[in-house]
Every structure is written in C-alpha cells, then in structure tokens.
Amino acid sequence: MLDSIRPAIAILALMTLLTGVAYPLAVTGVVQVAFPDQAAGSLVRDDAGQVRGSRLIAQAFDGDQWFQPRPSAVDYATVASAASNLSAGNPKLRARIEQASANLSGQAPVPMQLVTTSGSGLDPQLSPEAAAWQIPRIAQARGLAEVELLRLVEAHSERPLFGPAVVNVLALNLALVDNPVLSAQ
C-alpha cells in the first residue's frame, strides 16, 4: 500500500512546488521586468516623491472644487472592489441614483456615469462629457473661467485605440493643484 501512496505524495509535492511556488515567482519576475510601472501600482508621485494616488484606481475627492469620479459601491476600497449588483429595476438602485443626483449641484440631466457605479467600483476615468458637465460647479467654487477648465479637460482627454475617449479624474485634479494659473485663482 505504501508503494502506491508514495508516488501520489511525490506528485502532490512536485505539483505544489511547480504551481504554487515556481510559476507565481516566474510570472511575478516577468511582470516586474516587462511592466515595472503597472506592477508597482501605477503610482502618481508629486515633486517631493509623495504618493498622490494611482492612475488605475479611483479615489474620492471632497468638495465642489474638485472633479468627482464615478461613485463607488465599496467606498473606493481596493480590497473589496465590486459593483453594486443591483439590477436596473431594483428600487434601491433608483433611490441611490436619485440621491446621488440630488447631491450633485449643476444643471440637469446628470450624466449616468456620475450617479452609477462601474463594474469594479474603482474606475478612474470618466468620459470627457461627464467631466465637462462638472465644470460650472468647479469654476464657481474656484473662481475660474469655465473656458480654462474646458481646456484642461480637453488636454487630459485620452483617445484609446478602441473605445470612447476618457479622462483620468486624478490627473485632472492634480492639474488643478499643479497649474499655477488655475490654483492661484
């Protein structure tokens, strides 16, 4: 009986080492070499080297003076990223959208991106239209001309090879802080 158990134990140990140790280490090594920025979290740092956020993960911004990302079903917690899982006909979803719309000051109608969560709850981008919809609120809060903010949105719009144009909300907000013309007003 020991003769038949010994090969099974040896195969189990070998496969555990291969699939549980060697393969993950090899993939991690390849990714660290091939995509070092993404493997390190795509962190955005200021001139002093302080981490300001990640280009790949949305974060909350408090106040009317900031561009707001999509709402998060998990309060922007990366460990628990998830969608809300509420169907379109769910009364709870309708109530949450109505409350989010009421919280946004501005003209109607509110873009759906600003009142509905994304699939991960952490998407850092908005459409340029959803970012531009926020311009009157931000211009009033900062005492800026709307045309300056519109230029900022246009300058930060990315047009991927596939799909619609997007704007990274963190990049927009950092530009508001880092641009001496915009932050001095």
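Visitor: Which residues in α7 do Leu149, Leu152 and Val153 in α6 meet?
Guide: Happy to start there, keeping in mind that this is a predicted model. On the α6 side are Leu149, Leu152 and Val153, and their partners in α7 are Leu172, Ala175 and Leu176.

Visitor: How many charged residues are in the contact of α5 with α6?
Guide: From α5 come Ile135, Pro136, Ile138 and Ala139, which meet Glu146, Leu149, Leu150 and Val153 in α6. Glu is in the charged class, while Ala, Val, Leu, Ile and Pro count as nonpolar. That gives seven nonpolar, no polar and, for charged residues, one.

Visitor: What is the hand of the crossing where α5 passes α6?
Guide: Here the axes of helix α5 (residues 135–142) and helix α6 (residues 146–155) come within 9 Å and cross at roughly 125°. The two helices are therefore oblique to each other. As α5 passes α6, the crossing is right-handed.

Visitor: Are the rings of Phe61 and Trp66 stacked, edge-to-face or tilted?
Guide: Both residues are buried, Phe61 with a relative accessible area of 14% and Trp66 at 18%. Their ring centres are 6.0 Å apart, with the planes at 40°. Planes under 30 degrees apart would count as stacked and over 60 as edge-to-face, so this pair is tilted.

Visitor: Is Ser42 buried or exposed?
Guide: Ser42 sits in the loop between α2 (36–39) and β1 (43–45). Its phi is near 50°, a positive value in a residue other than glycine. The cut-off for burial is under 20% relative accessible area, and because Ser42 has 1%, it counts as buried.

Visitor: How far apart in space are Asp178 and Val166, C-alpha to C-alpha?
Guide: Asp178 belongs to helix α7 (residues 169–178) and is exposed, with a relative accessible area of 53%. In sequence, Asp178 and Val166 are twelve residues apart. In space, their C-alpha to C-alpha distance is 21 Å.

Conventions: Residues are numbered from 1 along each chain as its sequence is written. This is a predicted model: local features need pLDDT of at least 70, side-chain atom pairs count only at pLDDT 80 or more; totals for chains, interfaces and linings use all residues. Side-chain values use heavy atoms; hydrogens and water are left out. Axes are lines fitted to C-alpha atoms, for helices over the stretch in contact, and angles run from 0 to 180 degrees between N-to-C directions. Helices (H or I, at least four residues) and strands (E, at least two) are DSSP runs, numbered from the N terminus. Angles under 35 degrees count as roughly parallel, over 145 as roughly antiparallel, 65 to 115 as roughly perpendicular and the rest as oblique. A crossing is left-handed if the near helix is turned anticlockwise from the far one by less than a right angle, and right-handed if clockwise. Contact means heavy atoms within 4.5 Å. Rings of Phe, Tyr and Trp (its six-membered ring) pair if their centres lie within 6.5 Å; planes under 30 degrees apart count as stacked, over 60 as edge-to-face and the rest as tilted. Buried means under 20% relative accessible area, exposed over 50%, partly exposed in between (1.4 Å probe, protein chains only).
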